Amino acid sequence: MAKYCTNQYLSNNIMDVSSILTMSLVLIILLVFIVFALELMIPIQLKFEMNGICRGYIYKIESNGKLSEEESDNLKASLEAIGLKSPSIVTDNTGNKFGDKVTLSITCEYTHDRLINLYHRSGETLELSYERTYFIRKIEN
């Protein structure tokens with residue numbers, strides 16, 4: 001037990017203050033870098049989710065020939081459920097027939113706080129859009 005209390009043992013096995021400060025600074029910088037990277041990935045993931053939702057509704061429009069009012073409301077609710085605000089849906093809902101070319105255009109806004117530097121965050125609004133042209137596959141007799 002006496003050998004663990006000697007000055008030589010303590011100086012060899014205990015980190016000095018400069019090492020502790022250096023490691024703390026490196027960990028803080030690493031944490032800030034991870035937060036920046038995650039905040040850059042959130043809008044990308046949100047865009048993938050939006051594309052998946054819109055693609056599902058395009059399949060419905062292709063087979064039905066139009067986007068009904070109920071489906072339009074469900075699409076808006078789905079987009080708002082993932083955090084998008086004020087979705088705007090533009091499509092041709094007239095009596096489309098087999099082979100008609102129709103464009104579905106959707107725009108939404110996403111607002112979030114983004115880390116500007118180590119101590120400050122700032123609000124940012126991104127506009128996400130989805131636009132696809134497709135052909136109606138509904139066959140009418």
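Two strands pair if DSSP finds at least two bridges between them. Helices (H or I, at least four residues) and strands (E, at least two) are themselves DSSP runs, numbered from the N terminus. Keep both rules in mind for the sheet below.

This is a predicted model, so local features need pLDDT of at least 70 and side-chain atom pairs count only at pLDDT 80 or more, while totals for chains, interfaces and linings use all residues. Residues are numbered from 1 along each chain as its sequence is written, and side-chain values use heavy atoms, with hydrogens and water left out.

Start with the overall plan. The protein has three helices and three strands. Along the sequence they follow the pattern α-α-α-β-β-β.

Now the sheet. Its three strands form an open sheet in the order β1-β2-β3, with antiparallel pairing. The edge strands, each pairing on one side only, are β1 (85-90) and β3 (121-135). From one strand to the next, the twist averages 15°. Axes here are lines fitted to C-alpha atoms, for helices over the stretch in contact, and angles run from 0 to 180 degrees between N-to-C directions.

How many bridges join β1 to β2? There are four, and strand β2 covers residues 101-115. These two strands run antiparallel. S88 has T107 in β2 as its bridge partner. V90 has S105 in β2.

A contact means heavy atoms within 4.5 Å. Helix α3 (residues 69-81) touches β1 and β2. Its direction makes about 145° with that of β1. Helix α2 (residues 17-64) touches β2 and β3. The direction of α2 makes about 30° with that of β3.

Look at E39, which sits in helix α2. Is E39 buried or exposed? It is buried, with a relative accessible area of 9%. Buried means under 20% relative accessible area, exposed over 50% and partly exposed in between (1.4 Å probe, protein chains only). Leaving out residues up to four places away in sequence, E39 touches D113, R114, L115 and R121.

D73 lies in helix α3. At 41% relative accessibility, D73 counts as partly exposed. D73 and I89 are 16 residues apart in sequence, and their C-alpha atoms are 9.9 Å apart in space.

S86 is partly exposed, with a relative accessible area of 46%.

Next, the aromatic rings. K60 lies over the face of Y57, at 4.6 Å from the ring centre. A charge sits over a ring if NZ of Lys or CZ of Arg is within 6 Å of the ring centre and within 35 degrees of the ring normal. What is the count of aromatic pairs? It comes to zero.  Rings of Phe, Tyr and Trp (its six-membered ring) pair if their centres lie within 6.5 Å; planes under 30 degrees apart count as stacked, over 60 as edge-to-face and the rest as tilted.

Finally, the whole chain. Of the 141 residues, 23% count as buried. Among contacts with a separation of 6 or more, residues 24 or more positions apart account for 60%. The protein exposes about 10,100 Å², and carbon and sulfur atoms supply 59% of that area. Accessible areas come from the Shrake-Rupley method with a 1.4 Å probe; for residues, only the protein chains shown count as cover.
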